[in-house]
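Here are a few friendly notes to read alongside the model. Please keep the structure open as you go through them.

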Amino acid sequence: MKIATYNVNGVNGRLPVLLRWLREAEPDIVTLQELKAPQEKFPEAAIREAGYDAIWHGQSRWNGVAILSRVGEIYETRRGLPGDPHDEQSRYIEAAVGGVLIAGLYLPNGNPRPGPRYDFKLRWFERLHDHLASLIHLDAPVVVAGDYNVMPTDLDVYAPDRWRDDALFAPDVRAAYHRLLDQGWTDALRHLHPEETIYTFWKYLRFAFERDAGLRIDHLLLNAKAEARLIAAEVDKAVRGWEKSSDHAPVWIELGEKPRRRRAKKPT
């Protein structure tokens, strides 16, 4: 099963890019972020014509998340992150698909820092930590995929010293991300590529993509059941270079049908 996450940066304006990628990459399940479209403007007909069912949580001009599937019915389990009844931003959606629980998220950017937006980001992270604590030990694969708006380590940013004061790289934000790992989640891309320089986002300015001056801010976190089936994790970097593409590239993992066989330890 191929599961992907893609911040489309406007689902309607970049629909041709999305449809081309779906056709060429053939992911089985996809989480989308930054739809930038109200509920009634999601391009459901075009997505279904491409072979995908969909659920989505839209918001006019900003935010918005969706889950697409071509491998079975989508059983929605949650819309919106719990913990703040006054939070009306469309940033979290969750569903069971093909025996896997999929959570799609778009974590707040948090800039400028310090300020109310940064405080909101930290509170959102706390709410995410609390909610994922209820999912980590489920007796089923769980994949939490999306744009986390955080570079976890210096390896995940092209010029770390330039980003020290940014809300995506602040110590509190990186610590919040690592608290998720401490909770038991596995960063799929980093798990399989521990020392590689891999980016998922490149600004439109100053030829950032051509210079490979990027950031790794799109992540797929796996519980133990999902990690045991992890076969591959990659970035479709070439998509970022397509005409009128998002400033993000799709990130995907492949899960096997059965857990990997663990190698027996050699006797000492």
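1. (Nonpolar covers Ala, Val, Leu, Ile, Met, Phe, Trp, Tyr, Cys and Pro; charged covers Asp, Glu, Lys and Arg; the others, Gly among them, are polar.)

2. Before going on, please note that this is a predicted model, where local features need pLDDT of at least 70 and side-chain atom pairs pLDDT 80 or more, while totals for chains, interfaces and linings use all residues. Residues are numbered from 1 along each chain as its sequence is written, and side-chain values use heavy atoms, without hydrogens and water.

3. The largest pocket has a volume of about 670 Å³. Among its 27 lining residues, R91, Y106, N109, G110 and N149 are the closest to the centre. The lining divides into nine nonpolar, ten polar and eight charged residues. A pocket here is an open set of points on a 1 Å grid over the protein atoms alone, where a 1.4 Å probe fits, with protein on both sides within 12 Å along at least five of seven lines; lining residues have an atom within 4 Å of a point. Volume is the space filled by probe spheres set on the points, which are joined across faces, edges and corners.

4. How are helices α3 and α4 arranged? Helix α3 (residues 116-132) packs against helix α4 (residues 171-183) at an angle of about 5°, with the axes 10 Å apart. The two are therefore roughly parallel (angles under 35 degrees). Axes are lines fitted to C-alpha atoms over the stretch in contact, and angles run from 0 to 180 degrees between N-to-C directions. Helices are DSSP runs (H or I, at least four residues), as are strands (E, at least two), numbered from the N terminus.

5. H129 is found in helix α3 and is buried, with a relative accessible area of 14% (buried is under 20%, exposed over 50%, partly exposed in between, with a 1.4 Å probe and protein chains only). Beyond its neighbours within four places in sequence, H129 is in contact (heavy atoms within 4.5 Å) with R179, L180 and Q183.

6. R164 lies in the loop between β8 (142-147) and α4, and is partly exposed at 30% relative accessible area. Leaving aside neighbours within four places in sequence, R164 contacts R113, D154, F169, A170 and R174. The C-alpha atoms of R164 and D154 are 9.9 Å apart.

How values were computed
Parallel < 35°, antiparallel > 145°, perpendicular 65-115°, else oblique.
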